[in-house]
Amino acid sequence: MKNLLSLILAITLILSLAACGATPAPAAPEPSSSAPAAPEEPPSSPALEKEKTETTVRVAALKGPTAMGMVKLMEEAEAGETANKYEFTLAGSPDEIVGSIVKGEFDIAAVPTNLAATLYNKTQGKVQLVALNTLGVLYVIEAGDTVQSVADLAGKTVYATGKGSTPEFALGYILDQNGIRDQVEVVYKTEHAELAALLSQGQAKLALLPQPFVTTAMAQNPDLRVALDLTQEWDRAAQGASQLTMGCIIAQKSFLEENAAAAAAFLAEYQTSVEFAASPDHLDETAALVVKQGILPKEPVAKQALPQCGITFLAGEEMKQIASGFLQVLYDADPQAVGGTLPDEGFYFVG
């Protein structure tokens with residue numbers, strides 16, 4: 001009897017364990033037909049986002065039109081809105097950055113056009129011209145009313161900036177073409193801002209200056225007037241053979257070859273920045289950015305100067321045609337203006 005009772009208890013325990021193991025999981029509730037469907041994540045659109053290159057590009061420019069065309073790019077880079085990462089250096093004169101360009105410490109630089117040719121020769125082809133960014137912006141400013149033509153400069157002293165670069169050679173070419181080069185004394189100062197200050201303070205009566213420093217000086221001294229527009233005088237002297245091309249963008253050849261995507265991104269972003277700066281619709285914002293970057297001290301001066309700064313973007317074959325004509329004129333007048341030799345085809349990066 002005891003054995004029978006034990007057997008019954010064992011069977012009961014086995015059946016209980018089996019029942020527990022077979023208990024089905026609760027069924028998922030039926031979805032309600034009135035419940036809203038979960039929203040889908042919108043697909044990302046590469047077309048709406050700049051493709052990041054993650055390349056840090058070292059850029060140098062001069063405090064003038066070459067840098068003024070970059071201010072929108074500088075602002076976007078600071079906000080992390082550009083494809084490349086940028087490190088910008090602004091200089092008061094070409095002398096401050098030439099050594100670093102030769103050493104390869106800048107990937108891209110905005111320099112006078114004739115200096116680009118000189119650097120190409122000096123570095124044995126290690127830099128290339130990628131774009132023109134500034135057309136004629138040189139003016140002879142006078143505190144008085146004695147200069148009405150180039151011939152009137154004879155016997156006078158003209159203060160200027162840009163020794164060894166486009167202003168010196170452009171003025172020399174025009175004086176040569178008018179037959180008075182040996183009759184004009186030219187005294188060079190280091191920086192545009194220094195000369196603008198001398199003009200505004202009445203310490204210089206006659207000076208060659210580029211925009212925007214013409215506007216800066218005239219805003220501070222109402223006795224100043226524009227006596228000569230060197231772009232017009234160049235056109236007369238060259239008789240249509242070339243244009244006065246003040247500034248350009250050069251890049252290290254190694255950078256262009258090793259960072260093709262970053263180089264293309266820079267050109268696209270820089271062109272957009274130039275077009276923004278040159279647009280009357282964005283004059284106020286650009287003027288504010290010019291002041292923010294320390295290029296000019298006051299927004300009203302920047303607003304007045306910007307439309308006269310010749311800011312442009314020319315690349316490819318058009319760039320090559322204009323630049324080669326300009327450099328040929330300089331070479332014919334003085335081979336040292338372009339470093340002793342006209343650049344060959346390797347100078348021009350046409351994409």
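Where is glutamine 124 placed? Hi everyone, let's start there. Glutamine 124 sits in the loop between α5 (113–122) and β4. Helices here are DSSP runs of H or I with at least four residues, strands are runs of E with at least two, and both are numbered from the N terminus.

A word on what we are looking at. This is a predicted model, where local features need pLDDT of at least 70, side-chain atom pairs count only at pLDDT 80 or more, and totals for chains, interfaces and linings use all residues. Residues are numbered from 1 along each chain as its sequence is written, and side-chain values use heavy atoms, with hydrogens and water left out.

Glutamine 124 has a phi near 55°, which is positive although the residue is not glycine. Is glutamine 124 buried or exposed? Glutamine 124 counts as exposed, at 73% relative accessibility. The cut-offs are under 20% relative accessible area for buried, over 50% for exposed, and partly exposed in between, using a 1.4 Å probe and protein chains only.

Strands of a sheet pair through backbone hydrogen bonds, either parallel or antiparallel. Here six strands form an open sheet with mixed pairing, in the order β2-β1-β3-β10-β4-β11. The edges are β2 (85–91) and β11 (311–314); each has a single partner strand, so one side of each is left without a neighbour in the sheet. On average, neighbouring strands are turned by 25° against each other, direction ignored. In this picture, two strands pair if DSSP finds at least two bridges between them. Strand β4 (residues 127–135) and strand β10 (residues 245–252) run antiparallel and are joined by seven bridges.

Next, the inside. In soluble globular proteins, nonpolar side chains tend to be buried together. A nonpolar core here is a set of buried Ala, Val, Leu, Ile, Met, Phe, Trp, Tyr and Cys residues joined through side-chain atoms within 4.5 Å. How many residues does the largest nonpolar core have? It has 57 residues, and Trp234 and Ile250 are among those with the most contacts inside it. Helix α14 (residues 316–333) gives the largest share of this core, seven residues. A second, separate core of 37 residues includes Leu73, Tyr86, Ile249 and Val290.

Threonine 113, in helix α5, is buried too, with a relative accessible area of 1%. Leaving out residues up to four places away in sequence, threonine 113 touches residues including Thr166, Cys248 and Phe326, where contact means heavy atoms within 4.5 Å. Cysteine 248 itself is buried at a relative accessible area of 0%. How many disulfides are there? The count is zero, taking a disulfide as a pair of cysteine sulfur atoms within 2.5 Å.

Last, a pair of helices. The axes of helix α3 (residues 71–78) and helix α12 (residues 283–292) come within 9 Å and cross at roughly 70°. That makes α3 roughly perpendicular to α12; angles under 35 degrees count as roughly parallel, over 145 as roughly antiparallel, 65 to 115 as roughly perpendicular and the rest as oblique. The axes are lines fitted to C-alpha atoms, for helices over the stretch in contact, with angles from 0 to 180 degrees between N-to-C directions.
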